[in-house]
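Please look over the structure shown here. A short report follows, written for a reader who is new to it.

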Amino acid sequence: MSTATSTAKPNTLNTVQAVNMALDEAMGLDPNVIVLGEDVADEQEGGIAGVTKGLSTKYGKSRVRSTPISEQAIIGAAIGAAIVGMRPVAEIMLMNFTTVCMDMIVNHAAKLRFMSGGQTHVPLTIRTMTGAGFGTGGQHSDYLEAWFAHTAGIKVVAPSCPADAYGLMLSCVFDDDPCLFIENMPAYWAPGAPPEKGVRIPLGKANIVRSGGDVTVIGYSRIVSDCIAVADKLAKEKIGVEVLDLRTVSPFDEEAILNSVGKTRRAVIVHEAVTPFGVGAEIATRINKALFGKLAAPVERVGASYCPVPFSKPLETAFVPSQAQIEAAVRTVLK
Amino acid sequence: MKSVYVDIYRRMTLIKQNDERFRAVIKLGRIISPYYPVRGQEAIPAAVSANLTNDDYICTIYRGVHDMLAKGVPMRALWAEIAGKATGTCKGKGGPMHVTHPATGVMVTTGIVGSSMPIANGLALAAQIRGEKRVAVAYFGDGASNIGAFHESLNMASLWKLPVLFVCQNNGYGEHTRYELATSAAKISDRAAGYQMAGVTVDGNDPLAVYAAAKEAVERARSGGGPTLIEARTFRFFGHLLGDADNYMKKGEKEAAMANDPVPKFRAWLIANGHATEADLAAMEAGIEKEIDAAVEFALSSPNPDVAELRRDVFAHELSA
C-alpha cells in the first residue's frame with residue numbers, strides 16, 4: 001500500500017510513553033535532572049510500568065537510581081539534592097505509599113522555601129500512580145490529592161491524557177516549586193494524540209476540552225475522559241456540556257472556572273477521590289462565593305463512595321464514579 | 001592563637017555564652033520563643049565544624065543553635081531570627097527550629113525528630129553526582145536513632161557511599177525519657193555495623209576525641225569512602241525545653257555532669273599545654289560577649305516582618321492578597 005493511500009491509524013502514544021518522553025527530554029536538557037525511586041533503572045526494568053525505561057542506559061546509573069524501598073530516604077535525598085540546585089524526579093510508586101513519607105513531603109518539601117525565608121527552595125517533582133480499576137484494593141488505589149492540595153507550598157498536577165502528561169511533566173520538572181504529579185494507573189496504556197514536542201503546558205491553567213453553554217463539568221485526571229463521553233452523549237440531546245479539565249489541582253485555575261460557570265450558571269465537579277472534604281468542596285465554595293446570585297442550581301459533586309477502595313470487581317466498579325452518575329448530576333443541575 | 005584547639009575553644013565559647021544569653025533574655029521575656037538549651041553539648045559541633053568549610057553542608061535539628069554557631073552562622077542574624085524579626089536569617093519566618101543560612105552551609109534545620117538525616121543524604125548525593133568534594137553532616141539526638149528515617153538513611157548512604165557524617169549527640173535523654181528506656185542498643189554506634197558502615201562512640205565532652213573522630217570521617221567521606229556514624233556522648237545541662245523542671249532525671253545526675261563541664265575543662269587544658277594564655281582566652285571571651293551584646297541589641301531593635309510576608313515564599317510567585 002502506498003503512503004498516499006495509507007489507512008494506518010494516526011500516530012498515537014500512551015501515558016507511559018508520554019511521561020518517558022518528557023523525562024528523556026528533561027534529562028537531555030539539564031544535567032541537574034535526576035531520577036530516583038524503586039526499580040527505576042533499566043536493570044530493574046525501568047519501573048513497574050516501564051515509565052523510566054531506557055533512561056539509566058542513556059543517562060547513566062548515577063543520574064537514574066533504583067533505590068531501596070525507603071520512601072522517606074527517597075524523598076529526603078530528593079529534597080537535599082533539590083535545595084542545592086538539582087531537579088530531582090522522585091518516584092513514589094503508588095500514591096498510598098506517600099503516607100509513609102508525608103513528613104518529608106509536607107513538613108519539608110512544601111515548607112522549606114517559606115521557613116527559610118526564601119533562601120532555599122525545592123524544585124522537586126514527585127511522580128506517583130494510583131486509581132481504582134485493577135483490583136488493587138484499599139492500599140494501592142486511593143486518590144489522596146486533597147491532602148496535598150490542603151498543604152501550602154506544593155503543587156498538585158493530574159493530567160487526563162498522554163499529551164497533557166508530557167507537557168505538564170516538563171513544566172513540573174522545570175518549575176521551581178515542589179510538584180506532586182499523579183498518573184492514573186488503569187489509564188496508563190490508553191492511547192491518545194501525541195504531544196507537540198518540546199511544548200510545556202503551563203501549571204495552574206485549565207483546559208476547555210469540550211465547549212458548551214448549558215452546564216460546566218469540572219474534572220481532572222483519568223475521569224475527564226468520562227466527562228467527555230457524557231458531554232458527547234448529551235450533545236445529541238442538544239445539551240451543551242462544557243468540560244473543564246483542571247490539569248493542575250492546586251493551585252487551580254479559578255478564573256477559568258468562574259468564566260465558564262458564569263456563562264453556564266450550572267456546575268458539576270467530578271473526581272475519583274471520595275466526595276467529603278474533597279477538592280470539589282473547595283471549588284464549589286469558590287463558585288458559590290463568586291456567583292451565588294447568578295447560579296441556576298446548586299453546585300453538584302460526583303466522587304467515589306466514602307469508603308476504602310474495595311477489591312471485589314462489582315464493588316470496585318460501584319465505588320468509582322460512573323458516567324451514569326456524572327450524567328445524572330448534569331441532569332440534576334439542569335432541572 | 002592559631003591552633004585548631006584554640007579555634008575549637010572559640011566555637012565552644014561562642015556556644016556557651018550565646019546559650020547563657022538566650023536563656024537569660026528569654027526568661028526576662030524580652031524575646032518570646034521556645035528554646036532548646038544546648039549548654040553541655042558545646043564540644044561536639046565545635047570539634048566537628050573545625051573539620052569543615054563553608055562549602056560543607058549541615059542539617060541540624062530544633063536543639064541546634066550550637067550546631068549553627070559552630071558552623072559560623074552570624075550572631076546578629078541568628079538572634080534576629082529567634083526574636084522573629086525581619087532581619088533574621090529567615091526574615092523571622094522560620095524561628096529557632098528552622099534556621100537556614102546557606103552561606104555557611106546550614107541548609108536545613110528541622111523540628112521533626114530524625115528528619116535531618118534523609119535530607120543530608122540528598123545534599124551529599126548532589127555533591128557526589130557533581131563530583132564535588134563537599135561533605136554533609138546530619139546532626140541528631142539519641143532519640144532519633146529509634147525512628148525509621150535513621151535506618152532508611154544509613155542504609156541508603158552506605159549503599160551509595162555518600163559523603164555524609166551522621167553525628168548523634170547522645171545526651172542521655174529523648175525528651176524526658178532516659179536512653180535505656182527507649183533504646184535497645186547498648187551503643188548507638190553499634191547500629192552502624194548493620195549497615196556495613198564505620199561507627200564509633202566517643203566522649204562528646206572531649207573536644208580532642210570528637211575532633212579526631214570527625215577528621216577521620218570527613219577524610220573518608222571526601223575520598224569516596226562513604227558515610228560514618230559518630231555517637232558523641234554528652235549531657236544537656238538545662239533539660240529538653242527551657243523551663244523544663246528536670247523531675248524525670250536521676251538525682252545528682254545533672255550536678256555530676258555540670259561538674260564535668262567541657263568548656264572550663266578544655267580551657268584549663270589549653271592553658272596547661274601552652275596553646276593559649278589566660279589573657280588570650282579572657283580577651284577572646286570578652287570579645288564574644290561584646291558581639292553578643294551587639295547581636296541582642298540588633299535583634300531587639302530590628303523591625304518586625306511585614307504581614308505581606310504571609311503571601312511570600314509559599315511558592316516562587318507571591319500569592320495574591
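## Starting at Leu13 of chain A

Leu13(A) sits in the segment before H1 of chain A. Helices (H or I, at least four residues) and strands (E, at least two) are DSSP runs, numbered from the N terminus. This is a predicted model, in which local features need pLDDT of at least 70, side-chain atom pairs count only at pLDDT 80 or more, and totals for chains, interfaces and linings use all residues. Residues are numbered from 1 along each chain as its sequence is written, while chains are lettered from A and ligands numbered from 1 in the order in which they are written.

A residue is buried if 20 or more other C-beta atoms lie within 10 Å of its own, exposed if 12 or fewer, and partly exposed in between; the C-beta atoms are placed from the backbone. Neighbours within four places in sequence aside, Leu13(A) is in contact with Ala18(A), Pro162(A), Pro191(A), Gly192(A) and Pro194(A). Two residues are in contact if their C-beta atoms, placed from the backbone, lie within 7 Å. The C-alpha atoms of Leu13(A) and Phe114(A) are separated by 39 Å. Along the chain these two are 101 residues apart.

## Helix H7 of chain A

One of those contacts of Leu13(A), Pro162(A), belongs to H7(A). Helix H7 covers residues 162–173 of chain A and has twelve residues. From first C-alpha to last it reaches 17 Å, close to the 16 Å expected at 1.5 Å a residue. The expected span is 1.5 Å times one less than the number of residues.

H7(A) is mostly covered, with twelve of its twelve residues buried. Among them are Asp164(A), Tyr166(A), Met169(A) and Cys172(A). What do the buried residues of H7(A) pack against? They pack against helix H1 (15–29) and strands E1 (33–37), E3 (87–94), E4 (125–130), E5 (155–157) and E6 (179–184) of chain A.

E3(A) is largely enclosed by the rest of the structure, because eight of its eight residues are buried. Strands pair if DSSP finds at least two bridges between them. E1(A) and E3(A) run parallel and are joined by five bridges. There, Ile34(A) stands opposite Pro88(A) in E3(A). Five bridges also join E3(A) to E4(A), and these run parallel. Ile92(A) stands opposite Thr128(A) in E4(A).

## Strand E4 of chain B

Strand E4 of chain B spans residues 164–170 and is mostly covered: seven of its seven residues are buried. In a regular strand the side chains alternate between the two faces of the sheet. Val164(B), Phe166(B), Cys168(B) and Asn170(B) point one way from E4(B), and Leu165(B), Val167(B) and Gln169(B) point the other way.

| Partner strand | Bridges | Bridge partners |
|---|---|---|
| E3(B), residues 136–141 | six | Ala138(B) and Phe166(B) |
| E8(B), residues 228–233 | six | Val167(B) and Ile230(B) |

E3(B), helix H6 (residues 148–159) of chain B and E4(B) make a right-handed β-α-β unit. Right-handed here says that, with the strands pointing away from the viewer, the path from the first strand over the helix to the second runs clockwise.

## Where the chains touch

33 residues of chain B are in contact with 35 residues of chain A. Strand E2 (106–110), helix H5 (116–130) and H6 of chain B are the elements that give two or more residues to the chain B side. H5(B) supplies the largest share of that side, nine residues. By class, the side has 18 nonpolar, ten polar and five charged residues. Nonpolar are Ala, Val, Leu, Ile, Met, Phe, Trp, Tyr, Cys and Pro; charged are Asp, Glu, Lys and Arg; the others, Gly among them, are polar.

## Backbone exceptions and confidence

Most residues other than glycine have a negative phi, and most peptide bonds are trans. Phi of Lys238(A) is near 65 degrees, a positive value. Lys238(A) lies in the loop between helix H8 (224–235) and strand E9 (241–245) of chain A. Lys238(A) is exposed, with 7 other C-beta atoms within 10 Å. Phi of Lys91(B) is near 60 degrees, also positive. Lys91(B) counts as buried, with 22 C-beta neighbours inside 10 Å. The peptide bond from Ser250(A) to Pro251(A) is cis, with omega near 0 degrees.

The mean pLDDT of chain B is 97, and 99% of its residues reach 70 or more. pLDDT is the predictor's confidence in each residue, from 0 to 100. The model scores ipTM 0.97 and pTM 0.97.
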